[in-house]
Amino acid sequence: MRLETQVTELTASPSKGLDILKIEKQLTSMWSDAGTADSSHSGVTRACTINLIVYTTPADDATELDELLNRVTELHPGRTLILMVDRHAKEAKLDGYVSTRCRLLGATGKQICGEQVTIEASGATVDTVASAVAPLLVPDVPVYLWWKDIPHYQDKLFDRLAQTADRVVIDSSVFDHPQEDLLRLATMIENSRHALQVSDLTWGRLTVWRTLLASFWDVPDYRPLLSSIDTVDVNFAPPESAPDEIAPKALLLAGWLASRLDWALVDVKKNASGIEFKLNCGADPIVVAFRRGPAGKSSITSVKLSARGGAASFYVGLHSAGAKLQTEARIGADHSVGRLLTYERRSDAERLSSELAFPGRDRVYEAALRVVGAALRSLS
Amino acid sequence: MEATAIKENENPLRVGMRLEKTADPCTVIIFGASGDLTKRKLVPALYRLVQQRLLPAEFAIVGLARTEMSDDEFRRKMKEAVEQFSETKQVDAAVWNSFAQGIYYRSTDIGSTADFQKLGDLLNRIDRDRSTAGNRLFYLSVAPRFYAQAVEQLGRAGLTKAKPGSWVRVIIEKPFGTDLESARLLNSQILQHLEESQIYRIDHYLGKETVQNLLAFRFANGIFEPLWNRQYIDHVQLTNAEAVGVEGRGGYYEGAGVVRDMIQNHVFQVLSLVAMEPPAHLGAEAVRDEKIKVMTAAREFSPERVMAECVRGQYGAGSSNGKPVPGYREEEGVAPDSTTETFATLTMYFDNWRWAGVPFYLRSGKRLTKRVTEIAIQFREAPHQLFGANIMEQVMPNQLIIRIQPDEGITLRFAAKVPGQVTQIRDVNMDFRYGSSFGVQLAEAYERLLLDCILGDSTLYARKDMTERGWELVMPILEQWATDTKQVSFPNYEAGTWGPAAANELVEGRGTAWRRS
């Protein structure tokens with residue numbers, strides 16, 4: 001629920017920049033007004049657990065973003081700094097305004113509110129707008145940058161905001177050219193001077209798949225088969241925007257398996273249905289085959305790990321038009337244990353919220369991405 | 001190898017996963033499967049844990065009760081229960097069928113050795129068919145008089161001994177005994193067949209998020225622990241109030257009363273977390289060692305202390321949430337001249353360096369003004385008052401309130417100047433609410449506790465010494481009250497109020513008052 005409070009436009013200009021003191025003053029007066037306007041007398045509580053910088057472009061749907069941020073700030077109330085950046089506009093423009101985001105807490109009538117500063121920048125001000133962000137951050141709480149676009153490599157704004165942030169959130173599923181962009185992302189993280197910490201929303205979407213695959217090896221009966229895996233079949237739907245490419249989700253899953261299980265990349269080969277990674281676990285060869293399905297929403301449709309030439313297999317796949325997930329562990333002809341689970345796809349807001357709950361570096365993701373980077377490098 | 005190096009026997013795919021704990025394959029065997037707890041809490045909690053992927057596919061449930069029922073009948077009943085008592089209220093048929101494949105039912109007579117032999121055969125078959133690896137969790141959700149017999153039968157059938165590399169655990173529901181003697185007897189009976197490490201005495205209060213947060217609050221923050229002692233704390237109030245009456249459980253409650261039903265278990269568990277010393281680490285034994293250590297320092301209740309520092313009550317007719325409600329003696333299954341206490345206040349002292357002289361006022365009861373469980377730490381007043389008495393008139397000493405239910409959170413009350421030319425000082429609250437800071441649905445206590453048991457973490461379960469110490473402390477109170485029936489005339493408080501006047505007088509006599517919870 002959005003508190004009906006003023007959205008205050010602040011005078012700003014490309015030549016004078018943003019008046020930071022004025023913004024802070026406006027925020028303070030907004031809080032005292034919110035308290036006065038609270039007719040229920042239940043109280044307005046300001047909560048601040050994070051700074052969230054959101055980089056958006058004119059291509060983003062503002063209403064959709066607003067709804068998403070309502071949900072995110074429910075889970076992580078704090079200061080949101082929205083940078084609406086139009087790089088292609090000729091006119092240099094710099095505008096700012098402040099507002100609050102509130103929600104009612106249960107039946108108590110109490111409102112929990114966070115605050116939002118929106119900065120619109122276009123033309124030449126794009127390169128300098130980052131300098132207005134740092135002074136607006138609330139001290140002592142983590143800073144997240146949600147880069148709602150393909151990362152702009154060697155871009156001054158991206159570089160500066162990324163340096164300010166404790167963690168940068170991206171989404172590799174929206175990459176225009178998944179393979180090329182993933183390779184660039186991998187290279188950027190590897191070469192990052194300031195230990196760039198990245199959260200990839202696509203990696204978050206893989207958590208369910210990774211959990212289900214990992215849970216096979218919690219079972220003592222299956223554990224010995226882990227070292228005997230010889231084939232991995234990853235069926236995926238490529239993104240509609242790049243139907244000839246492999247979905248980032250599929251690549252990251254393979255990268256994760258290889259990095260966790262110490263499989264060394266030997267070669268990458270193209271074939272009729274997709275590509276294959278050839279890997280070695282010690283002296284034993286392993287093939288990871290990516291099989292392309294019809295293009296759609298960039299995703300995985302099933303993963304099957306086979307051991308001992310197919311004598312045992314471990315399967316996770318979509319079921320019932322993607323509404324459920326089926327798992328099955330099959331050993332020989334007689335033994336099969338599986339289950340069907342509801343596959344509740346989390347919204348982008350929930351996905352982003354869960355990324356915001358983890359401030360540290362995700363080394364498992366970085367290791368998976370390194371394998372993907374190495375494979376894509378050898379392919380190119 | 002990088003920072004997330006793989007240890008021996010560790011599942012390499014689990015390394016670095018954000019999920020902190022992973023459960024072994026196992027079978028959960030529920031004694032009392034036709035009972036209310038199985039329907040309302042246990043099966044819905046297990047279903048949710050499976051749906052949250054916190055339990056593996058290699059998992060099974062075996063329901064045991066006297067009633068004759070087929071597997072399919074039991075599955076159908078459990079489906080209805082999950083639909084009725086789970087949060088979502090609806091269950092997908094295909095998903096349920098997949099879950100239900102791992103549910104079995106056997107009509108079992110706890111007195112029949114043959115039934116336990118058959119149970120053993122069934123469990124071996126499940127291990128083969130579902131790869132449940134010989135891991136077994138027996139949940140005793142039967143009448144307390146069957147606890148010892150059930151464990152004995154399991155022992156005789158060889159079901160309490162784990163196979164190499166596997167585990168066998170037993171969860172025992174409350175109440176654990178009805179007095180010190182019966183608790184000791186029960187402990188000795190079950191310990192003939194089980195190791196203490198296999199026994200999980202459940203106290204669902206410990207599964208609540210805020211109770212667990214007590215450890216984080218006290219020991220993950222640097223600013224509170226230095227103040228957590230007699231130098232700065234004037235007294236502590238622990239309120240555990242229920243708005244409901246005995247809800248058709250009059251028959252049971254007549255033999256129990258609030259001291260047996262709530263104080264010797266739930267209230268003491270929470271109290272020990274508030275008063276204990278920092279543990280050496282967060283392992284189950286280290287935490288439980290500190291809990292028993294502080295409870296050992298609790299001052300015993302002499303008859304004089306019971307008279308002077310404890311108050312009992314029983315509710316009469318009144319109203320609750322605007323609705324007239326009967327008195328306790330008019331409830332079903334309750335004797336018209338019952339002397340069972342539905343309310344009690346105890347003044348506890350811990351005779352140790354940290355707490356010497358600091359009273360801990362505990363109050364617990366039924367049909368009180370509202371449902372609330374909270375701990376209020378009242379700090380001492382500032383040593384020197386700079387502001388005049390008239391300015392400070394409205395100001396109370398600082399209080400830290402830890403709310404356990406409902407609306408879990410922490411509040412710090414302190415004094416602040418009211419803006420303006422005139423110096424005016426007023427109390428203000430600094431509030432932390434789980435709901436607002438994390439905006440997440442807190443897990444059901446049974447989910448957390450069942451998962452902890454499957455994971456082998458007994459931190460949130462009561463150990464033998466703690467259950468017996470609880471009884472040791474309350475027995476003199478119960479004995480004194482039993483012999484001294486003329487001391488108090490029941491009913492002595494109206495339903496819907498905060499208990500008998502004597503409970504207020506007890507704390508008022510010491511210059512304080514109960515917090516308006």
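Q: What does Ser299(A) touch, not counting residues up to four places away in sequence?
A: In this predicted model, Ser299(A) touches Phe236(A), Ala237(A), Ala247(A) and Lys249(A). A contact here requires heavy atoms within 4.5 Å. Ser299(A) itself lies in strand E14 of chain A, which covers residues 299–307.

Q: Why does Ser299(A) count as buried?
A: The relative accessibility of Ser299(A) is 17%. The cut-off for buried is under 20%, so Ser299(A) counts as buried.

Q: What makes Pro44(B) count as buried?
A: Pro44(B) has 8% relative accessibility. Buried means under 20%, and Pro44(B) therefore counts as buried. Pro44(B) is placed in helix H1 of chain B.

Q: What is in contact with Pro44(B), leaving aside its neighbours within four places in sequence?
A: Pro44(B) is in contact with Thr38(B), Lys39(B), Ala81(B), Val82(B) and Phe85(B). As for Gly134(B), 90 residues separate it from Pro44(B) in sequence, and the C-alpha to C-alpha distance between the two is 23 Å.

Q: Why is helix H5 of chain B described as largely enclosed by the rest of the structure?
A: Helix H5 of chain B spans residues 147–156, and seven of its 10 residues are buried, so the helix is largely enclosed by the rest of the structure. The buried residues in H5(B) are Tyr147(B), Ala148(B), Ala150(B), Val151(B), Gln153(B), Leu154(B) and Gly155(B).

Q: What do the buried residues of H5(B) pack against?
A: They pack against strand E1 (26–31), helix H4 (113–130), strand E4 (136–140), strand E5 (168–172) and helix H6 (180–190) of chain B. Just after H5(B) comes Gly158(B), with a positive phi of about 75 degrees.

Q: What lines the largest cavity?
A: The lining of the largest cavity has 16 residues, and those nearest its centre are Phe176(B), Asp203(B), Asn265(B), Ala462(B) and Thr467(B). Helix H9 (258–275) and helix H15 (464–483) of chain B are the elements that give two or more residues to this lining. H9(B) gives the most, with five residues. By class, the lining has seven nonpolar, five polar and four charged residues.

Q: Which residues and elements line the second largest cavity?
A: The second largest cavity holds about 110 Å³ of space. Of its 16 lining residues, the closest to its centre are Arg339(A), Val50(B), Ser98(B), Phe99(B) and Arg130(B). At least two lining residues come from each of strand E17 (335–342) of chain A and helix H1 (36–51), strand E2 (59–65) and helix H3 (93–100) of chain B. The classes in this lining are 11 nonpolar, three polar and two charged residues.

Q: What does Phe290(A) touch, not counting residues up to four places away in sequence?
A: Among the residues touched by Phe290(A) are Val234(A), Phe236(A), Ile246(A), Ala250(A) and Leu251(A).

Q: How is chain A divided, and how many residues of each domain take part in the contact?
A: Chain A is divided into domain 1 (8–165) and domain 2 (205–379). The C-alpha centres of the two domains lie 37 Å apart. Nine residues from domain 1 and nine residues from domain 2 form the contact.

Q: What are the totals for helices, strands and buried residues in chain A?
A: Chain A has 10 helices and 17 strands. Of its 380 residues, 56% are buried. Among contacts in chain A with a separation of 6 or more, 71% are between residues 24 or more positions apart.

Terms used. Residues are numbered from 1 along each chain as its sequence is written. Chains are lettered from A and ligands numbered from 1 in the order in which they are written. This is a predicted model: local features need pLDDT of at least 70, side-chain atom pairs count only at pLDDT 80 or more; totals for chains, interfaces and linings use all residues. Side-chain values use heavy atoms; hydrogens and water are left out. On a 1 Å grid over the protein atoms alone, a cavity is a set of points where a 1.4 Å probe fits but cannot get out, and a pocket is an open set with protein on both sides within 12 Å along at least five of seven lines; lining residues have an atom within 4 Å of a point. Helices (H or I, at least four residues) and strands (E, at least two) are DSSP runs, numbered from the N terminus. Ala, Val, Leu, Ile, Met, Phe, Trp, Tyr, Cys and Pro count as nonpolar, Asp, Glu, Lys and Arg as charged, and the others, Gly among them, as polar. Grid points are joined across faces, edges and corners, and a volume is the space filled by probe spheres set on the points. Domain bounds come from an automatic or database domain assignment. Buried means under 20% relative accessible area, exposed over 50%, partly exposed in between (1.4 Å probe, protein chains only).
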